Amino acid sequence: MVKSSADVGALVGSDESAVRDFHSYSNPQEVRVRHVDLDLGVDFEQKILKGTATLTFEKVSQKSNALVLDTRALNISMVEASADGRRFSNTEFTLGANDPVLGAPLNISLPEGATGVRIHYATSPGASGLQWLGPQQTAGKQQPFLFTQSQAIHARSWIPLQDTPQVRVTYTAHVRTPSRLMAVMSAENNPSALRNGDYRFRMVQPIPSYLIALAVGDLRFRALGRRTGVYAEPPVIEKAAREFIDTEKMVEATERLYGPYRWGRYDLLVLPPSFPYGGMENPRLTFATPTVLAGDKSLVSLIAHELAHSWSGNLVTNATWSDFWLNEGFTTYIERRIIEAVYGRAREEMEAALGLRSLEEEMAGLEERDRVLHIDLKGRDPDAGSTGVPYEKGALFLRSLEETFGRARFDQFLKSYFAHFAFQSIRTEDFVSYLKANLLDKYPAQAARVPVEEWIYKPGLPESAPRPASDAFARVEAEAKRWLKGEIAPAKIQTAAWSTQEWLHFLKSLPEDLGSARMSELDRAFRLTSSGNSEIAFQWLLMAIRNRYEAAYPKLEEFLTTIGRRKFIRPLYEELMKTPEGRERARSIYRRARAGYHPIAVAMIDEIVK
Ligand code: BES
Ligand code: ZN
């Protein structure tokens, strides 16, 4: 149990006690689920998962005789209860009204002595946490593909459970697929399992529901290191193995900083391009977008990020989505430390400087309540609270602690924080009291220089916030100026040794109204419209929309109809929607692209392209 000095009574925060989660109907304060056992068939024809979820629970309050679970669009045919985990018999259940954000509560009556329930159910074809892909949407074009995305509150659309990060469960699963396909989960996988359509998994460490994950497709495996490897479709597997060759080194670097990797293996899964995120930290098996396969390892900070979550997020977990910055801010900070350890300080500072810049740009357009770290999400969809603020502002806060207390002390502090809260779900207040006891109170002179309350509860950045800057970027800006002033021809800009990060900084430092003639000059010299680097292509396409650079429109259309990564498609549609002709283009592209997007992306782009 974690002691919290910040609060008393029913709101004392820790893994096991009451913390109100506005995004769950479940009742873990009365009955707490401890283990989930899945038995699911994967039906690509009907686009449904069908089978049973057997939940084992403990009664926290002896009085309670009901278990309340979260569901969204599940078809429940029967619920049984058991006192011994072997003999099950029918029990009553009611499904409450559906809420557009939260789904519907499933209320199950518990007979005297019950320790488990078994729910017989099927998902809906439009389940928000599943994407069913036809062969055309895959790299191999031969076989269908299915993947789940449970964070933030989509696990409930494919498993009836207590869908709150306060509840940690172990899980086992038996998954049946068409026989040529392979299933993998955020659990112990057997890379050499017979490909016979019958797969078994177990996750023996307790994890929150948002980390339960499944993917099914024509997958191959390549080992990368002693305990690291990558799964991908056959046409992608070699490229993926080359791109991610440094993964083992990253795990070693993180262990040196923050203590042992606690999950056994660390594998990666490369998904089809419609995957709505860059990456997802599913334990033992990070899910990743294929858009990071740049060919030169220049975008692998995404792997560092998802790996870092093995400490910040998966080991020490945000108790509610208002505490999301505890996951993402810590992770972004650690991501940069891994990049520094493996690729050097110069690369790290470039990425930190790019991060600061995008934070400042994004914050300018955000409401005050969204510029704070501990965010108020009452009545809101947690996916809506997902901006760059918890990531970059959170990382700057930790960097400011590092710089103030010194790296050695701060590293030691973080390492002990992970050991102290391992396998627990905590609130912002729990972190603050641990920080106070283990760092602030020990070094009061330094503590006086960090406005902790302001960082966490006030909008924007404190005066004293660190300002990461890069010498290399200063040189890039000087080159850009010479070209803009007409002193040199584009071909004379010294780009030969530029990294992806320098290219990105170059493009971002050009004026927004550059004009299509100058865009064309750059394109002739550097072939930016056909860049194979997704980040550079994205930045260039954004500029193409702003400057009506028509030569890039076919590429824009191709990009938006093949890639579903939220970080790229949202800003492109938003930019298009700013002018009447852009709106036309957005609508016509979206008409063709929509069917290929993930339900989470569809919900978001529907709002933009009304
Ligand atoms: N856990 C997040 C992805 C996420 C956040 C999914 C909120 C659903 C709700 C993951 O670790 C992440 O942050 N991914 C980033 C990439 C990262 C390099 C910043 C992304 O997908 O953009
Ligand atoms: Zn993250």
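**Zinc site and aromatic contacts**

In sequence, the residues that donate to the zinc ion (ligand 2) follow the spacing H-x3-H-x18-E. H305 sits in helix α3 (residues 301-308) and E328 in helix α4 (residues 324-343), so this pair ties together parts that are 23 residues apart in sequence. The model is a predicted one.

The zinc ion (ligand 2) is coordinated by NE2 of H305, NE2 of H309 and OE atoms of E328. These contacts span 1.9 to 2.7 Å. The site has six donor atoms, with angles of 53 to 159° among them. Its geometry is irregular. H305 is buried, at a relative accessible area of 8%. E328 is buried as well, at 2%.

F324 belongs to helix α4, and Y391 to helix α6 (residues 389-405), so the contact ties together parts that are 67 residues apart in sequence. F324 counts as buried, with 11% relative accessibility. Y391 counts as partly exposed, with 22%. The cut-off between these classes is 20% relative accessible area.

Arginine side chains also meet aromatic rings. The charged end of R409 sits over the ring of Y443, and its distance from the ring centre is 4.1 Å. R518 lies over the face of W483, at 4.3 Å from the centre of the ring.

Technical notes. Residues numbered from 1 in each chain as written. Chains lettered and ligands numbered in written order. Predicted model: local features only at pLDDT ≥ 70, side-chain atom pairs only at ≥ 80, totals over all residues. Heavy atoms only, no water. Donors = N, O, S within 2.8 Å, 3.2 Å for Na, K, Ca; no water. Tetrahedral: all angles 85-135°; square planar, octahedral: opposite > 155°, others 65-115°. Helix = DSSP H or I, 4+ residues; strand = E, 2+ residues; numbered from the N terminus. Buried < 20%, exposed > 50% of the residue type's maximum accessible area, 1.4 Å probe, protein only. Lys NZ or Arg CZ within 6 Å of the ring centre and 35° of its normal.
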